[in-house]
Amino acid sequence: MQRTLILLKPDCLENKIAGQVIGRFEAKGYEIKASKMLQLDDALLREHYAHVADLPFFPEIASFMSSSPVLALILEGEDVIQGVRDLLGPTDPNAAPEGTIRGDLGTDRMRNVVHASDSEDSAATEISRFFKSEEIPSQ
């Protein structure tokens, strides 16, 4: 069993499609182990996007991701990391096939509905970044 971090981005919540997205995760058998609403601040965004924080487009990412709250989830399931990424499709919704979350619901590379961890290491790091240990049920 694996766990992964999911962030339902501002566009997901503003467009009232969070239920659809979560429903797709649950339909695949993934279990929500923890959830909470968060208003992301600059420090947390700089940490989360450290790999691009010095690039010219980072202010646009930070502005979007802090424009309204996000819903953070910890999902658990067999091969959940790759399974979720398969459900999401490519980062760019225009390249994502119909039937994927981003292909069906995303609008552009930034407004692509969901962030998901891309490996076991990033999942562990991201889960601890967004959730305190006491907010996470034990395995």
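**Close-up views of a predicted model**

**View 1. Strands E1 and E3 are joined in this predicted model.** Thr4 has Leu75 as its bridge partner in E3. Seven bridges link E1 with E3, and the two strands run antiparallel. On the other strand pair of E3, Ile32 stands opposite Leu75. E2 and E3 are likewise joined by seven bridges and run antiparallel.

**View 2. Four strands form an open sheet in the order E2-E3-E1-E4.** The pairing in this sheet is antiparallel. Strand E2 (31-38) and strand E4 (114-116) are at the edges, and each has a single partner strand, so one side of each has no neighbour in the sheet. On average, neighbouring strands are turned by 20° against each other, direction ignored. In general, strands of a sheet pair through backbone hydrogen bonds, either parallel or antiparallel.

**View 3. Strand E1 (residues 2-8) pairs with E4, and helix H7 packs on the sheet.** Three bridges hold the antiparallel pairing of E1 and E4. Among the paired residues, Ile6 has Ala116 as its bridge partner in E4. Helix H7 (residues 120-130) touches E1, E2, strand E3 (70-77) and E4. The direction of H7 makes about 55° with that of E1.

**View 4. Strand E3 is buried along its length.** Eight of the eight residues of E3 are buried, so the strand is largely enclosed by the rest of the structure. Val70, Ala72, Ile74 and Glu76 point one way from E3. Leu71, Leu73, Leu75 and Gly77 point the other way. The residues pointing in both directions are all buried.

**View 5. The largest nonpolar core has 23 residues.** Ile6, Leu8, Val21, Phe25, Val84, Ile101 and Val114 touch the most other members of this core. Two or more residues come from each of E1, helix H2 (18-27), E3, helix H5 (80-88), helix H6 (101-105) and E4. H5 gives the most, with five residues. Not counting residues up to four places away in sequence, Val84 touches Thr4, Ile6, Phe25, Tyr30, Leu75 and Ala116. Apart from this core lies another, of 22 residues, which includes Leu7, Tyr49, Phe64 and Ile127. In soluble globular proteins, nonpolar side chains tend to be buried together.

**View 6. Helix H2 has a buried side and a face turned away from that side.** Ala18, Val21, Ile22 and Phe25 of H2 are buried. Down the axis of H2, the buried residues fall within an arc of 95°, so they line one face of the helix. Gly19 and Ala27 are exposed residues on the face turned away from the buried side. After H2 comes Gly29, with a positive phi near 95°.

Notes. Residues are numbered from 1 along each chain as its sequence is written. This is a predicted model: local features need pLDDT of at least 70, side-chain atom pairs count only at pLDDT 80 or more; totals for chains, interfaces and linings use all residues. Side-chain values use heavy atoms; hydrogens and water are left out. Two strands pair if DSSP finds at least two bridges between them. Axes are lines fitted to C-alpha atoms, for helices over the stretch in contact, and angles run from 0 to 180 degrees between N-to-C directions. Contact means heavy atoms within 4.5 Å. A nonpolar core is a set of buried Ala, Val, Leu, Ile, Met, Phe, Trp, Tyr and Cys residues joined through side-chain atoms within 4.5 Å. Buried means under 20% relative accessible area, exposed over 50%, partly exposed in between (1.4 Å probe, protein chains only). The arc is that of the directions from the helix axis to the C-beta atoms.
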